[in-house]
Amino acid sequence: MRKFIQFAFAFLFVFPGNVSARDATQRALCEAINESEVITLWYKPGQLSRKVLPRYLGQTRSGNWLLNGWQISGYSSSGGIPAHRSFRLDRVTRMDFTGEKHAPMPHRGRLPSGLYDDTLVCFAQ
């Protein structure tokens, strides 16, 4: 189940054992964060893939699920790669768990914009 997650309508499906797609996605992302595993994600329809070392997963106070990480390569409309990036999960159309490990990147000393201590699900140590 962790190898690849297709997000289109993912929150409508229920996995065996009453685990929702959102819960399965969160668990897989937290595992990738804890293991410094690189993911490949496609953000917004029509955009090319991006390789990201995920670092934070949480919910904003407005209710959006946010993944923050170190973008290693791939498409970026703002340029400047590698760099820290945040991705709203409702805009991710596909995510592959590569199994590729990456050395942890240094923390910036603060949480990404929109995330707070009480809204974090998991984060890189």
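Predicted model: local features only at pLDDT ≥ 70, side-chain atom pairs only at ≥ 80, totals over all residues.
Let's walk along the chain, then. Its order is β-β-β-α-β-β-β-β-β-β. Of its 125 residues, 42% count as buried, meaning under 20% relative accessible area, with exposed being over 50% and partly exposed in between (1.4 Å probe, protein chains only).

Now the helix. α1 covers residues 21-34, 14 residues in total, and spans 20 Å from first C-alpha to last, close to the 20 Å expected at 1.5 Å a residue; that expectation is 1.5 Å times one less than the number of residues. Its buried residues include Ala24, Leu29, Cys30 and Ile33. After α1 comes Ser36, with a positive phi near 50°.

On to charges. Side chains of opposite charge can pair when their charged atoms come close. The count here is 4 salt bridges, each a side-chain nitrogen of Lys or Arg within 4 Å of a carboxyl oxygen of Asp or Glu. One of them joins Glu35 and Lys101, with the closest N and O atoms 3.1 Å apart. Glu35 sits in the loop between α1 and β4 (37-43) and Lys101 in strand β8 (residues 92-101), so this pair ties together parts 66 residues apart in sequence. Lys51 and Glu100 form another, at 3.0 Å between the closest N and O atoms. Here Lys51 is in strand β5 and Glu100 in strand β8, so the parts tied together are 49 residues apart in sequence. Lys51 is partly exposed at 28% relative accessibility, and Glu100 is partly exposed at 32%.

Finally, is Thr60 buried or exposed? Thr60 is buried, at 14% relative accessibility, and belongs to the loop between β5 (49-59) and β6 (65-74). Its side chain makes a polar contact with that of Ser62 at 3.0 Å; such a contact is a pair of N or O atoms within 3.5 Å, and within protein one must be able to donate a hydrogen and the other to accept it, while residues adjacent in sequence count only if both atoms are side-chain atoms. Leaving aside residues up to four places away in sequence, Thr60 touches Leu66, Gly114 and Leu115, with heavy atoms within 4.5 Å counting as contact.

Key: Residues numbered from 1 in each chain as written. Heavy atoms only, no water. Helix = DSSP H or I, 4+ residues; strand = E, 2+ residues; numbered from the N terminus.
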